[in-house]
Structure formats: C-alpha cells, structure tokens
Amino acid sequence: MDKLVYRFKRHSNIGMRLLECPECKEILERQDIEDFTNCPYCLKDLPYNYELEDYLLDPLVEMWQAQEQSRDELMDETPEFTANLVI
Ligand SMILES: [Zn+2]
C-alpha cells in the first residue's frame, strides 16, 4: 500500500471533498488540477495516484448515484405505464 500523499477537507455546505495541497496547504479545486497536475499556488508537481484520481472522479460518482436514483424512481412508475399501454 502506498503512503497517503494527500489530505482532504470536507466542504461544510455541500459535503464534497476538497483537496489540500501537500506543499502550501491551499485548497485545490478539481478544475485547478484537471489539466495540469500542478498546484496553481506553489506550482508543486502533484503525484498522480489513486487518491488524486479518486478525487477527480468524485463528481462523476455523485452523478452516477443521482442517475441510479432517478432510474429507480422511473422503475416505480413502470407498472402503471405498462397498464396504460395494454389498454
Ligand atoms: Zn501548493
């Protein structure tokens, strides 16, 4: 197991994780590091590891969960919808 490189803070309002630069402790948003994995504040090269990848994927995972939820809601309506079709 690799040593953990990054520290995360949790956004108090939206509950999203925020990445802290290991060097200057500034909070790095996803758009800051999506294209260049450098800290925009201290220009430190951020090692690309599973922690960073995980962080970048967080919004996607939340979107999938939201989609999953709306699909479940759709499924609940399906029997009624089928009945209408038969008539
Ligand atoms: Zn930094």
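The structure is a predicted model, in which local features need pLDDT of at least 70 and side-chain atom pairs count only at pLDDT 80 or more, whereas totals for chains, interfaces and linings use all residues. Residues are numbered from 1 along each chain as its sequence is written.

The chain contains two helices and three strands. Helices (H or I, at least four residues) and strands (E, at least two) are taken as DSSP runs and numbered from the N terminus. In sequence order, these elements follow the pattern β-β-β-α-α. The two helices are α1 (30–33) and α2 (50–86). Of the 87 residues of the chain, 6% count as buried. A residue is termed buried if 20 or more other C-beta atoms lie within 10 Å of its own, exposed if 12 or fewer do, and partly exposed in between, with C-beta atoms placed from the backbone. Two residues are said to be in contact if their C-beta atoms, placed from the backbone, lie within 7 Å. Among contacts in the chain between residues at least 6 apart in sequence, 24% join residues at least 24 apart.

The three strands form an open sheet in the order β1-β2-β3, with antiparallel pairing. The edge strands are β1 and β3 (27–28), each of which pairs on one side only. Two strands are considered paired if DSSP finds at least two bridges between them. Strand β1 (residues 7–10) and strand β2 (residues 17–20) run antiparallel and are joined by four bridges. Within this pairing, the bridge partner of F8 in β2 is L19, and that of K9 is L18. The pairing of β2 and β3 is likewise antiparallel and extends over two bridges; here, E20 stands opposite I27 in β3.

Both hairpins can be described through their connecting segments. In the hairpin of β1 and β2, six residues lie between the strands, and G15 takes a positive phi near 75°. The loop between β1 and β2 also holds H11. H11 is exposed because 11 other C-beta atoms lie within 10 Å. When neighbours within four places in sequence are left aside, H11 is in contact with M16 and L18. The hairpin of β2 and β3 has six residues between its strands, and K25 takes a positive phi near 65°. This positive value occurs in a residue other than glycine. K25, in the loop between β2 and β3, has 12 other C-beta atoms within 10 Å and is therefore exposed.

The loop between β2 and β3 also contains C21. Why does C21 count as buried? C21 is placed in this class because it has 20 C-beta neighbours inside 10 Å. Not counting residues up to four places away in sequence, C21 touches E26, L28, C39, Y41, C42 and K44. The C-alpha atoms of C21 and N38 are separated by 9.4 Å, although the two residues are 17 residues apart along the chain.

C21 also belongs to the largest nonpolar core, which has five residues: L19, C21, L28, C39 and L46. A nonpolar core is defined as a set of buried Ala, Val, Leu, Ile, Met, Phe, Trp, Tyr and Cys residues joined through C-beta atoms within 7 Å. Excluding residues up to four places away in sequence, L28 touches L19, C21, I33 and C39.

L43 lies in the loop between α1 and α2. The phi of L43 is near 65°, a positive value in a residue other than glycine. L43 is exposed, since 10 other C-beta atoms lie within 10 Å.
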